[in-house]
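Me: I have a structure to go through with you. Can we take it step by step?
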Amino acid sequence: MNPNLNRLRRSMMFLNAQKPSLIKDPYIYKPDSIMLDLEDAVAENQKDAARYSLYHALKEIDYRGVERVVRINGLETAHWKEDVRVCVAGRCDSIRISKTESAADVLAVQAEMEKAEEEFGVEKGSILLMAALESTKGILNAYEICTASPLLFGVALSGGDYTKDLQTKITGTGVELAGARQSMIIAARAAGKQCFDTVFTNLDDMEGFRKEVEMIKAMGYDGKSIVNPRQIAVTHEVFTPSQKEIIFAEKVVKEVDEKKAKGIGVFTVDGKMIDIAFYPGAVRTINMAKAAGVYEGDL
Amino acid sequence: MEVTSTAMAGTLESSDCQVTVEPGTGIDLSIESSVINQYGKAIKKTILETLERLEVKDAKVTVVDKGALDCTLKARVEGAVFRASGYTEDAICAGKKLPWGGAIQ
Amino acid sequence: MINAVGRDIPQEIIDATGMKPFAGAFARHNETYTKAAPTVRAIIDPREDKMVGSIAEVLKKCGIKDGMTLSFHHHFREGDYVVNMVMEEVHKMGIKDITICASSLGKAHNPLLPMIEDGTITNIQSSGVRGKIGEAISTGKLKGLAIMRSHGGRVRAIESGDVHIDIAFIGAPTCDKYGNMRANGGKSDCGVLSYAYVDAQYADKVVAITDTLVPYPNLPASISQVNVDYVVEVDEIGNPAKIATGAAKPTTDVRKIMMADYCTQFVINTPYFKDGFSYQTGVGGASIASTISLGKIMKERGIKMGLALGGIAGPMCKLLEEGLIEKIVDTQDFDLTAIQSVATNPNHFEITGSEYANPMNKGAYVNQLDFVILASLEVDVNFNCNVVVGSDGMITGAQGGHPDTAAGAKCTIVIAPLLQGRIPAICDECTAITTPGETVDVVITDYGIAINPRRQDLIECMKGTKLPICTIEELRDKAYAIVGKPEPVKFGDRVVGVIESRDGTIIDVVRQIKDYEWDD
């Protein structure tokens with residue numbers, strides 16, 4: 001299994017793959033993932049130029065462990081197949097499929113990716129996929145999309161296009177996205193995949209942004225799409241477990257490990273009934289704390 | 001690659017460079033750069049190596065650099081050369097495959 | 001001759017200027033000397049009217065002639081009209097070989113270019129130059145030598161007689177008919193007149209130029225009538241929009257905020273961060289952001305700043321109002337908030353350039369600094385800084401108080417993004433040296449923080465913090481790994497400028513720029 005499947009992805013920051021000043025050193029801002037964009041950020045007459053820029057960035061810039069996701073052009077365009085080739089040739093970490101509407105879309109990209117892996121001698125399964133859901137159809141097919149491929153690590157909502165399809169717009173209240181957000185996270189969790197929220201474009205409204213991140217975290221989301229480095233710190237802060245949560249998770253992990261060895265199934269931590277079902281959540285909390293640099297224990 | 005038309009790639013934004021390629025005889029290279037004093041030689045080397053990899057023998061190449069890193073210099077030369085040699089986006093979409101990892105590296 | 005920061009100072013420059021090579025930041029400590037003095041024309045007769053109708057007339061009254069040294073201040077920053085206004089008249093009179101001795105010059109003074117080209121101006125002494133004047137010097141158009149001095153160094157040079165000012169022209173936001181000048185009020189309010197004070201004391205002739213004549217006596221005066229020969233009223237001495245900007249929005253550049261946070265974390269982890277500490281910072285985005293983030297922590301911990309020094313901007317004044325600073329001691333105002341504050345807040349004081357930074361008086365304010373937060377174009381692996389010469393070899397910047405505060409402060413912190421486009425800020429060798437590395441303690445970049453190995457105490461303090469501490473060589477290597485190792489700029493032979501250390505020795509020279517030559 002690709003070790004990146006379930007890596008931490010609290011913040012996925014969009015960058016125009018064609019802008020040298022942006023792609024030069026975004027790792028400074030410490031996002032979990034960058035999304036090098038070949039799609040909407042790149043003008044129609046620069047699609048080719050963006051690929052050369054992307055290729056050399058992938059090959060020559062040391063992104064210092066930040067995941068390199070590439071957003072390719074939609075399957076309804078003529079650009080996407082060459083996009084997949086350059087992604088594979090440049091050995092990105094993951095490909096984000098735009099405007100995904102069905103399992104067939106995922107499989108089409110996967111097939112093209114496998115062809116390219118063959119062509120460029122890249123190990124099969126080393127590059128992952130994620131799907132952006134940008135239409136009502138995509139949302140309705142969320143579960144089928146999530147389960148289409150073992151290489152698909154998650155789905156992301158693209159709120160702008162989705163609300164257009166819904167014949168409304170981003171209102172700032174979140175009401176227009178409520179259904180999609182719920183459907184997606186339910187489908188993603190049912191399929192055992194990660195789930196990411198759409199962008200928040202008003203850079204001056206940091207309070208509104210924080211509230212939205214708190215909300216999607218409460219909904220179960222794994223992370224947020226980011227349009228500016230200003231949004232990273234807040235996102236990570238929201239996704240950073242509190243000391244209380246960390247201490248509890250630590251006890252759960254240690255107790256489960258110990259009790260499991262002794263064959264005990266149910267026990268108590270801090271007066272709370274605990275069983276093995278608490279274990280994955282506790283591990284997630286510890287991992288999250290480690291990523292945030294606030295974990296000081298020995299796990 | 002045979003340069004058959006004039007094409008340009010890149011911008012004049014900071015950290016970018018603009019490369020123009022035109023049909024010509026031999027390699028006729030001119031470089032203007034905001035960091036010429038510190039990186040003139042390095043820029044020239046990268047441009048010439050990229051042209052060589054692309055097997056461009058005859059072309060007039062004009063580079064206006066605004067402090068681009070090597071990866072960007074290469075990308076812009078490739079962008080201009082491929083555009084000037086029949087690899088338009090339309091041709092690429094129609095199935096003309098780019099030599100990633102071959103002439104492009 | 002190789003000086004104490006390893007720069008080769010040509011013998012002919014040592015001979016021509018009579019200056020000595022730099023021998024260390026504190027080499028002249030304890031030296032005694034006799035101050036220079038102006039030649040004064042006594043005004044005994046009370047009927048004498050100091051008001052003069054025009055600049056041309058006052059030039060004649062002052063006996064303007066070839067080869068004179070004229071001085072100016074830079075409190076109007078890029079909004080200054082005074083230098084150009086005076087020099088235009090000098091030019092019209094056909095005067096030649098003028099030495100301009102300004103506390104600083106900027107792009108506002110681009111109109112001096114033809115006067116440099118035709119020999120009206122042949123020498124320039126300034127904190128620094130930008131724009132066309134910088135280009136003119138670097139390309140060899142100035143016939144004589146440019147001398148770049150720090151704010152403290154300029155005062156020292158004037159007081160010790162290294163430079164003698166024939167006529168000082170002092171733009172005054174308000175002035176009365178007898179020459180009492182204030183920086184507050186008027187159309188071109190600039191807050192303080194700190195750097196003009198020494199000119200008034202040491203120039204043979206002192207001319208006040210104002211656009212706001214006020215009733216006598218204009219008190220409290222920054223510059224007193226006893227030092228002023230003439231007063232000229234003109235329509236405008238400056239462009240207020242360029243003298244002081246409105247309240248700048250705090251930066252949203254995450255990189256700058258990150259460096260500012262590093263800086264604040266560094267500051268609070270030193271032993272100097274305690275009640276009553278003294279602090280100075282610049283006005284760059286990262287500096288302002290660090291003032292704001294430091295303010296938050298001071299509030300949380302109940303620690304007050306005893307002294308905020310130097311060039312002042314709004315965020316510092318806000319801390320004063322909130323009671324987090326005891327006193328602001330000011331030499332330059334960068335925005336309207338600062339100008340307002342110095343005029344109204346009793347704990348916000350104006351001081352002179354000598355009090356601020358002169359290394360050869362009996363102790364300047366900079367000597368009492370705990371922290372100074374500075375910027376730099378380049379820092380070399382020995383912590384030497386360059387704030388005057390661009391990495392392309394062109395003179396474009398000013399020493400300001402950089403070397404003065406660095407030498408004075410217990411903890412000197414330089415903030416610089418590791419890369420400006422392709423140019424690395426941390427390098428093997430600076431294009432020029434303005435501030436000796438022995439006075440620079442910490443360099444903060446977006447890629448990590450380097451502490452000067454001379455400061456083992458600070459290195460020790462930072463152990464156990466989460467700050468990304470590394471060596472300066474590691475920073476350089478990180479930079480070079482990304483952008484490649486730069487070639488050193490190739491200069492021509494002619495020395496066009498001297499970078500004077502604050503103590504009057506030569507820390508570096510600047511040579512004429514040369515067109516880039518390809519090897520083949």
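Me: Which domains is chain C divided into?
Reply: This is a predicted model. In it, chain C has domain 1, covering 47-243, and domain 2, covering 254-488.

Me: How far apart do the C-alpha centres of domain 1 and domain 2 of chain C lie?
Reply: The two C-alpha centres are 29 Å apart.

Me: And how many residues does each domain of chain C put into the contact?
Reply: Domain 1 of chain C gives 30 residues. Domain 2 of chain C gives 33 residues.

Me: Take the side of domain 1 of chain C that touches domain 2 of chain C. Which elements each supply at least two residues?
Reply: There is one strand, E5 (128-129) of chain C. The helices are H5 (131-138), H6 (151-160) and H7 (197-202) of chain C.

Me: Which one gives the most to that side?
Reply: H6(C) does, with 7 residues.

Me: How do the residues of that side divide into nonpolar, polar and charged?
Reply: On that side of domain 1 of chain C, 14 residues are polar, 9 are nonpolar and 7 are charged.

Me: New topic. How many residues of chain B are in contact with chain A?
Reply: 24 residues of chain B are, and they meet 20 residues of chain A.

Me: Which elements of chain B give two or more residues to the side that touches chain A?
Reply: Helix H2 (70-84) and helix H3 (89-93) of chain B. H2(B) has the largest share, 9 residues.

Me: What classes of residues does that side of chain B have?
Reply: The side of chain B that touches chain A has 11 nonpolar, 8 charged and 5 polar residues.

Notes:
Residues numbered from 1 in each chain as written. Chains lettered and ligands numbered in written order. Predicted model: local features only at pLDDT ≥ 70, side-chain atom pairs only at ≥ 80, totals over all residues. Domains from an automatic or database assignment. Contact = placed C-beta atoms within 7 Å. Helix = DSSP H or I, 4+ residues; strand = E, 2+ residues; numbered from the N terminus. Nonpolar A, V, L, I, M, F, W, Y, C, P; charged D, E, K, R; others polar.
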